[in-house]
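The sequence and the model are shown first.

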Amino acid sequence: QVQLVESGGGLVQAGGSLRVSCAASGRTSSPNAMGWFRQAPGKEREIVATIRWNSGNTFYADSVKGRFTISRDNAKNTVYLQMNSLKPEDTAVYYCAASYKEPLTWDYWGQGTQVTVSS
């Protein structure tokens, strides 16, 4: 079993920055990948960014390219999402997820952390 705990959400003005973190625990093996997803009220959950654990290869949704950066600390099994130039449309609950299978399967999810960007 894997537990994911997000932190760092909050309220920020448009144009500001925020960093959210997600720490994984519960098993000794590292994930294949971790990712950030978000869900706004009335919308489907969407992928934001992912990172391959070993290679560090990243993926970003078009909507956040150039503004968000995903990174990880392998020793801590922690993934971060640095969010810059935030827009009101970024307002959502942000969830981290972990994959331990190939092909990538998002088997484990955190509780979510609220990010609110005021206009």
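## Surroundings of serine 99

In this predicted model, serine 99 is in contact with Pro31, Asn32, Ala33, Leu104, Thr105 and Trp106, when its neighbours within four places in sequence are left aside. Serine 99 itself belongs to strand S9, which covers residues 92-99.

Serine 99 has a relative accessibility of 0% and therefore counts as buried, the cut-off for that class being under 20%.

Two backbone atoms lie close enough to the side chain of serine 99 to be listed with a distance. The backbone nitrogen of threonine 105 is 3.0 Å from a polar atom of that side chain. For the backbone oxygen of lysine 101, the distance to a polar atom of the serine 99 side chain is 3.2 Å.

## The four-stranded sheet

Four strands form an open sheet in the order S1-S3-S8-S7, and their pairing is antiparallel. Strand S1 (3-7) and strand S7 (68-73) are the edge strands; each has a single partner strand, so one side of each lacks a neighbour in the sheet. On average, neighbouring strands of this sheet are turned by 15° against each other, with direction ignored.

In general, strands of a sheet pair through backbone hydrogen bonds, either parallel or antiparallel.

## Pairing of S3 with S8

Strand S3 (residues 18-25) and strand S8 (residues 78-83) run antiparallel and are joined by six bridges. Within this pairing, leucine 18 stands opposite methionine 83 of S8.

Key:
Residues numbered from 1 in each chain as written. Predicted model: local features only at pLDDT ≥ 70, side-chain atom pairs only at ≥ 80, totals over all residues. Heavy atoms only, no water. Helix = DSSP H or I, 4+ residues; strand = E, 2+ residues; numbered from the N terminus. Buried < 20%, exposed > 50% of the residue type's maximum accessible area, 1.4 Å probe, protein only. Polar contact = N/O pair within 3.5 Å; in protein donor to acceptor, adjacent residues only side chain to side chain. Contact = heavy atoms within 4.5 Å. Pairing = 2+ DSSP bridges. Axes fitted to C-alpha atoms, helices over the stretch in contact; angles between N-to-C directions.
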